[in-house]
Amino acid sequence: MNSRQASPSNCDICGATQTLSLTIHNIRHRAHIRRYCTNCVLKQHPGLFCPICFDLHEDSLLAPHHRLMCVRCPSIAHRSCVFPSTTSAESTPPFFCPICLDGNFIFFSPPDRKTGAVDVQSAKVLVAAARIAALSMSKAAAAARFDAERRAREAAVARKRAKEALEHLAEILAREQDEELNGDVSAGGRRRGA
Ligand SMILES: [Zn+2]
Ligand SMILES: [Zn+2]
Ligand SMILES: [Zn+2]
């Protein structure tokens with residue numbers, strides 16, 4: 001029953017199997033690398049793309065009056081995609097994203113069994129999912145780099161501490177040697193003088 005224990009090429013959420021048509025993407029989720037199918041990538045990242053044209057929302061390129069947020073979930077659509085005929089000044093009816101309108105909605109429809117052709121929407125869906133996965137993995141790489149840098153800094157501090165300790169030890173040894181030497185000299189001097 002537990003899909004997570006299934007083969008590693010299954011989606012961690014819905015258990016869908018990697019096929020020629022359904023790609024399983026690596027996604028970073030709460031510091032873990034997960035495997036999500038195209039549909040689940042999009043369902044897990046509703047705020048990152050327009051559910052109508054499947055363009056990704058690049059950081060803050062979309063002015064607030066050009067976007068519409070789903071009434072029920074964080075999905076954000078282009079206003080012009082949902083209500084093409086309205087101007088940005090007009091108020092619009094509430095927006096429900098495709099998933100909130102239909103619980104069984106899937107973004108990616110499998111290709112035609114006979115021709116193997118993928119429709120334009122599914123092709124766009126795949127691009128959106130792959131780009132979200134790429135963004136997520138480059139964030140993961142940045143996080144790993146951050147960890148690596150932190151560990152490198154910690155290692156440098158540890159090396160510096162070890163070096164200082166060694167230098168300290170060397171100083172103490174040298175001082176003791178000096179004292180011994182001086183002591184010997186003075187003692188010897190005293191002995192010689194005696
Ligand atoms: Zn899935
Ligand atoms: Zn759009
Ligand atoms: Zn929604």
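A residue is called buried under 20% relative accessible area, exposed over 50% and partly exposed in between, as found with a 1.4 Å probe on protein chains only. The model is predicted, so local features need pLDDT of at least 70 and side-chain atom pairs count only at pLDDT 80 or more, whereas totals for chains, interfaces and linings use all residues. Residues are numbered from 1 along each chain as its sequence is written, chains are lettered from A and ligands numbered from 1 in the order in which they are written, and side-chain values use heavy atoms, with hydrogens and water left out.

**Exercise 1.** Determine which atoms coordinate the zinc ion (ligand 2) and what arrangement they make.

*Solution.* Begin with the donors, which are N, O and S atoms within 2.8 Å of the metal (3.2 Å for Na, K and Ca); water is not among the atoms, so sites may look incomplete. For the zinc ion (ligand 2) these are SG of Cys 50, SG of Cys 53, ND1 of His 78 and SG of Cys 81, at 2.0 to 2.3 Å. Along the chain, their spacing reads C-x2-C-x24-H-x2-C. Next, take the angles: four donors count as tetrahedral if all angles lie between 85 and 135 degrees. Because the 4 donor atoms subtend angles of 97 to 120 degrees, the arrangement around the zinc ion (ligand 2) is tetrahedral. Finally, consider accessibility: His 78, at 13%, is buried, while Cys 81, at 24%, counts as partly exposed.

**Exercise 2.** Classify the ring pairs that Phe 54 makes with Phe 49 and with Phe 107.

*Solution.* Rings of Phe, Tyr and Trp (its six-membered ring) pair if their centres lie within 6.5 Å, and planes under 30 degrees apart count as stacked, over 60 as edge-to-face and the rest as tilted. The whole structure holds 4 aromatic pairs. In one of them, Phe 49 and Phe 54 lie 6.2 Å apart centre to centre with 15 degrees between the planes, and the pair is stacked. Phe 49 is buried because its relative accessible area is 1%, and Phe 54, at 5%, is buried as well. For Phe 54 and Phe 107, the ring centres are 5.8 Å apart and the planes stand at 90 degrees, so this pair is edge-to-face. Phe 107 has a relative accessible area of 2% and is therefore buried.

Note on methods. Tetrahedral: all angles 85-135°; square planar, octahedral: opposite > 155°, others 65-115°.
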